[in-house]
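Let's take a walk through this two-part model, one region after another. Have the viewer open and follow along.

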Amino acid sequence: MSAAVKVRAKDVGKHYLRVHEKPMLLREAMMLLSGRKQRVDDLWALRHIDFELRSGETLGLLGPNGSGKSTLLTLVAGTSFPSEGTMSTCGRISTLLSLGAGFNPDMTGEENIVASSGLLGMSFAETRKRVSRIVEFAELQGVIDTQIRYYSSGMVTRLAFSIAINVSPDIMVIDEVLAVGDISFQAKCMDALEELQASGVTTVLASQSPVMISDLCTNALWLEAGQIKMAGPAAEVADAYQVGMTGYAMGAVLADEPQQS
Amino acid sequence: MTEAAASTEQPHLTQWVHRSARGIELGGEVPTGKVEPGYRAFVSAIRLAVSLRETFWALVAKDFKARYRAQSLGLFWSIAHPLVMMLTTTVAFEWVLKVQIANFPIFYLIGAILWQLFANVLTGTTSSMLDNAGLIKHTTFPRFLFPISTVFSNLIPFGMELVLVFAFFPVFPGSYHLNESLLALPFVLALEVILLIGLGLMTSSLNARYRDVLYLVTSVLTVGFWATPILYSSTMAPEWIRPFFLLNPMGFVIESTRGIVMKGTWPSAPYMAAVTVESLLVFVAGAAVFRRQGRKIADYV
């Protein structure tokens with residue numbers, strides 16, 4: 001009955017050394033010779049993170065700025081490695097981590113579609129079959145032969161999102177980038193994400209919006225200073241987070257407003 | 001197995017991937033905690049590269065286009081540059097300094113294009129991780145393919161320059177002695193490519209962490225230009241120094257290419273053996289440095 005596990009974090013931690021001076025090979029070599037030590041701060045951006053995600057589940061990450069949401073996303077995406085513990089994933093991962101990075105501004109939209117899909121592990125033959133679907137979803141039919149540098153930031157986001165969902169991912173990793181598209185496109189993205197969930201894609205999503213998390217996710221983690229403060233069903237965690245951060249329950253803020261003015 | 005099936009069959013897409021501080025492990029759902037030994041990792045890296053060859057060539061093309069798209073005459077410049085250098089240096093050396101080197105234009109052109117390839121690739125690969133920072137943060141595309149794609153994208157203009165060397169045959173027929181020793185040329189050039197891949201793996205991963213590596217590389221290249229027989233021949237130096245010029249891999253590559261093209265002589269076997277060992281050692285060292293640094297690149301760029 002239960003679907004297969006797709007993502008598993010086991011006591012994952014990410015450690016950074018905060019160096020006060022730009023690291024330079026010459027200086028480090030001289031310090032190594034002279035036996036002096038550089039002043040460094042230890043920083044655990046994440047510690048003791050455990051979770052398991054099955055096929056079709058969506059994990060929402062909530063937490064104040066600097067709580068480790070984005071770091072956790074890069075670990076799931078596999079672009080960076082944990083300093084302790086093990087992050088395990090199974091399947092093709094598609095990422096939407098920050099706006100338009102990974103695109104080459106000198107290439108046209110279509111050239112970027114082919115290049116990005118290739119980097120995500122699609123063959124060119126497969127990609128060519130999907131180009132028209134990607135363009136159509138992004139609603140960029142008129143400008144797909146234009147260099148990306150002339151695109152608006154919303155257009156870049158639409159293209160990135162459209163590629164990310166069309167490379168048949170098993171796992172999707174999404175940072176808060178959807179906010180850039182206009183409302184109608186956002187609504188379209190939500191529908192697309194729900195469709196992917198239904199088809200068994202596992203998603204990890206970071207957001208500042210508890211409403212979005214409780215709407216889109218099945219489970220959620222509330223991160224604070226790199227540790228899990230609360231884990232559980234998305235609606236419960238989102239509620240607790242909303243109350244914890246603002247003192248209001250979700251929905252209560254809006255209801256109270258007319259009386260205050 | 002059909003072509004389409006082969007290109008989609010990438011082990012990292014169907015297996016479990018476990019990432020920990022010790023490295024990456026592919027395989028079953030439960031990690032064993034064992035990390036691949038160096039030689040096994042090397043074999044899987046090659047298999048990964050082969051499975052991603054399409055994207056690799058796209059990366060080579062992108063790198064190549066990025067360099068030439070800004071210039072309306074494109075590739076013309078890659079040929080014009082060595083030509084102009086050949087002209088000015090010949091004027092300066094033969095007319096002003098009155099240096100006596102037989103067939104100087106071709107002598108210099110061969111040295112210059114081989115050194116230019118070395119210098120361009122080394123500066124290019126050193127910054128390749130920073131140039132591709134966007135891709136490194138967004139995809140798990142194997143990082144070692146970024147410096148290697150820089151090597152290959154520089155081989156395209158180099159190929160045209162090499163054609164240029166032979167295109168001068170009707171102009172200076174006396175400068176050439178073409179015979180069966182040309183068969184050795186690909187092997188001599190391959191040594192330079194192996195050397196460059198090794199150095200590129202080393203400097204690219206180090207430069208992601210230490211941003212002064214690029215400055216060190218440029219300084220070393222300036223010294224290297226004068227320490228390598230480019231503007232002169234090792235035969236002009238005192239007898240006892242000569243072995244050092246030929247044990248310098250670039251010195252060997254340049255002098256051997258000149259010998260092959262201009263005199264029809266085979267490269268010296270003992271030096272060829274020594275330089276092959278050197279290049280392979282540099283390659284292994286580069287791969288080892290990359291293996292240590294590679295995991296952390298996304299944290300630094």
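Predicted model: local features only at pLDDT ≥ 70, side-chain atom pairs only at ≥ 80, totals over all residues.

Residues are numbered from 1 along each chain as its sequence is written, while chains are lettered from A and ligands numbered from 1 in the order in which they are written. Helices (H or I, at least four residues) and strands (E, at least two) are DSSP runs, numbered from the N terminus.

Back to α8(A). Its buried residues (20 or more other C-beta atoms within 10 Å of a residue's own; exposed is 12 or fewer, partly exposed is in between, and C-beta atoms are placed from the backbone) are A:Ala234, A:Val237, A:Ala238, A:Tyr241 and A:Gln242. Look down the helix axis and they fall within an arc of 135 degrees, so they line one face of the helix; the arc is that of the directions from the axis to the C-beta atoms. An α-helix has 3.6 residues a turn, so residues three or four places apart point the same way. What the buried residues of α8(A) pack against is β3 (58–62), α7 (210–216), β8 (219–224) and β9 (227–233) of chain A.

Now for the strands of chain A. β1 (residues 5–19) and β2 (residues 40–54) run antiparallel, paired over eleven bridges; strands count as paired if DSSP finds at least two bridges between them. β1(A) also pairs with β4(A), again antiparallel, over five bridges. A:Val7 is a handy landmark: its bridge partner in β2(A) is A:Leu53, and in β4(A) it stands opposite A:Thr89.

β4(A) (residues 84–90) also takes us across to the other chain, pairing with β1(B) in the antiparallel sense over four bridges. There, A:Cys90 has B:Trp16 as its bridge partner. Over the whole interface, 36 residues of chain B are in contact with 36 residues of chain A, contact being C-beta atoms, placed from the backbone, within 7 Å. The chain B side divides into 16 nonpolar, ten polar and ten charged residues. Here Ala, Val, Leu, Ile, Met, Phe, Trp, Tyr, Cys and Pro count as nonpolar, Asp, Glu, Lys and Arg as charged, and the others, Gly among them, as polar.

Chain B itself has 15 helices and two strands. Its radius of gyration is 22 Å, close to the 19 Å that the globule rule gives for 301 residues, so chain B is as compact as a globular protein of that length. (The radius is taken over C-alpha atoms, and the rule is 2.2 Å times the number of residues to the power 0.38.)

Finally, compare two spots in chain B. B:Phe144, in the loop between α8 and α9 (145–167) of chain B, counts as buried with 21 C-beta neighbours inside 10 Å. B:Val50, in helix α3 (residues 38–51) of chain B, is exposed, with 11 other C-beta atoms within 10 Å.

Terms used:
Contact = placed C-beta atoms within 7 Å.
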